[in-house]
Amino acid sequence: MGIYDRLILPRLLACAMRNQALVPLRQRLGAAASGRVLEIGIGSALNLPFYGPGVSEVVGIDPSPALVAMARDRQPGLAFAFQVVEGAGESLPLDDNSFDTVLTTWSLCSVGDPIQVLREARRVLRPNGQLLFAEHGQAPDAGVRWWQDRLTPTWKRIAGGCHLNRCIDGLIAAAGFRLDGLQTGYLPGPKPMTFMYEGRGRPE
Ligand SMILES: C[S@@+](CC[C@H](N)C(=O)[O-])C[C@H]1O[C@@H](n2cnc3c(N)ncnc32)[C@H](O)[C@@H]1O
């Protein structure tokens with residue numbers, strides 16, 4: 001891994017993800033989370049302030065050592081147990097049926113194998129657990145999709161593997177989740193980067 005991916009990109013990501021337009025989505029998901037929570041691709045742990053009293057523990061996983069270090073720095077003063085593991089969502093070092101909530105925010109765009117990550121999420125979720133997600137992805141408009149398909153090969157090189165054109169609801173359904181309350185729409189900003197999918201998946 002070069003200096004850009006190791007040192008510069010994590011700081012750029014941590015800064016970009018502070019975008020205030022994302023806060024209402026973080027608030028809604030944080031309020032819906034409960035029990036033992038796993039965050040896949042926790043990054044610099046920007047969701048921590050939004051978890052409600054129903055959350056007893058948050059476990060985060062992320063492959064970036066620099067982002068894991070930033071996430072661990074947020075530990076003081078939390079009302080719930082918190083730990084961060086360095087690793088990839090494709091192979092979770094966690095027991096089956098051990099979480100009430102798995103949460104992903106703007107991470108499924110960047111993982112190497114989103115179906116494998118979602119299958120792992122399903123494995124570690126209890127049968128009555130929930131997958132909460134807020135992700136950007138493939139837009140419904142043909143003109144925007146044209147740009148997403150053309151920009152993605154270059155974009156993913158500079159943006160940590162981020163794909164602009166993943167069909168998020170299709171991936172979640174294909175990994176064995178029933179979608180519940182899916183909401184989609186554009187946030188302010190360039191349309192290829194801002195078509196959002198937000199909702200809940202239940203293990204089928
Ligand atoms: C755009 S950032 C989002 C960070 C955070 N979820 C947030 O909402 O601010 C994407 C995150 O996915 C992580 N990531 C990339 N590949 C991953 C993988 N295979 N498994 C888990 N996380 C991954 C990156 O390191 C990064 O922290």
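# A chat about a predicted model

Colleague: Let's start with Trp106: is it buried or exposed?
Modeller: Trp106 counts as buried, because it has 23 C-beta neighbours inside 10 Å. Here a residue is called buried if 20 or more other C-beta atoms lie within 10 Å of its own, exposed if 12 or fewer do, and partly exposed in between, with the C-beta atoms placed from the backbone. Please keep in mind that this is a predicted model, in which local features need pLDDT of at least 70 and side-chain atom pairs count only at pLDDT 80 or more, while totals for chains, interfaces and linings use all residues. Residues are numbered from 1 along each chain as its sequence is written.

Colleague: And where is Trp106 found?
Modeller: Trp106 is in the loop between S4 and H4, where the letters stand for DSSP runs numbered from the N terminus: helices are H or I with at least four residues, and strands are E with at least two. The phi of Trp106 is near 55°, a positive value in a residue other than glycine.

Colleague: OK, new topic. What is the order of the strands in the sheet?
Modeller: The sheet is open and has seven strands in the order S3-S2-S1-S4-S5-S7-S6, with mixed pairing, where two strands pair if DSSP finds at least two bridges between them. Strand S3 (81-86) and strand S6 (177-186) stand at the edges with a single partner strand each, so one side of each has no neighbour in the sheet. From one strand to the next, the twist averages 15°.

Colleague: Which strand pairs run parallel, and which antiparallel?
Modeller: Among the parallel pairs, S2 (residues 55-62) is joined to S3 by six bridges, with Val58 opposite Phe82 in S3. S4 and S5 also pair in the parallel sense, over six bridges, and there Thr104 stands opposite Phe133 in S5. In the antiparallel sense, S5 pairs with S7 over six bridges, and Ala134 has Glu198 in S7 as its bridge partner. S6 and S7 run antiparallel too, joined by eight bridges, with Gly185 opposite Met196 in S7.

Colleague: Which helices lie on those strands?
Modeller: Helix H2 (residues 23-32) packs on the sheet and touches S4 (99-105), S5 (125-136) and S7 (195-203), with its direction at about 175° to that of S5. Helix H4 (residues 114-124) lies across S1 (35-40), S4, S5, S6 and S7, at about 145° to S5. For these angles, axes are lines fitted to C-alpha atoms, for helices over the stretch in contact, and the values run from 0 to 180 degrees between N-to-C directions.

Colleague: Which residues of H4 are buried?
Modeller: The buried residues of H4 are Pro114, Val117, Leu118, Glu120, Ala121 and Arg122, and what covers them includes S1, S4, S5, helix H6 (168-174), S6 and S7.

Colleague: How many residues are in the largest nonpolar core?
Modeller: That core has 43 residues, and Val102, Leu131 and Ile172 touch the most other members. Its largest share, five residues, comes from S5, a strand with nine of its 12 residues buried. By core I mean a set of buried Ala, Val, Leu, Ile, Met, Phe, Trp, Tyr and Cys residues joined through C-beta atoms within 7 Å.

Colleague: And what is Ile172 in contact with?
Modeller: Leaving aside its neighbours within four places in sequence, Ile172 is in contact with Leu118, Leu131, Phe133, Phe177, Leu179 and Gly201, where contact means that C-beta atoms, placed from the backbone, lie within 7 Å.

Colleague: Last one: how many residues surround the ligand?
Modeller: The ligand is surrounded by 22 residues, and the closest are Met17, Gly41, Gly43, Gly89 and Thr105; a residue is near a molecule if its C-beta atom, placed from the backbone, lies within 6 Å of it. This shell divides into 11 nonpolar, nine polar and two charged residues. In that division Ala, Val, Leu, Ile, Met, Phe, Trp, Tyr, Cys and Pro are nonpolar, Asp, Glu, Lys and Arg are charged, and the others, Gly among them, are polar.

How values were computed
Two residues are in contact if their C-beta atoms, placed from the backbone, lie within 7 Å.
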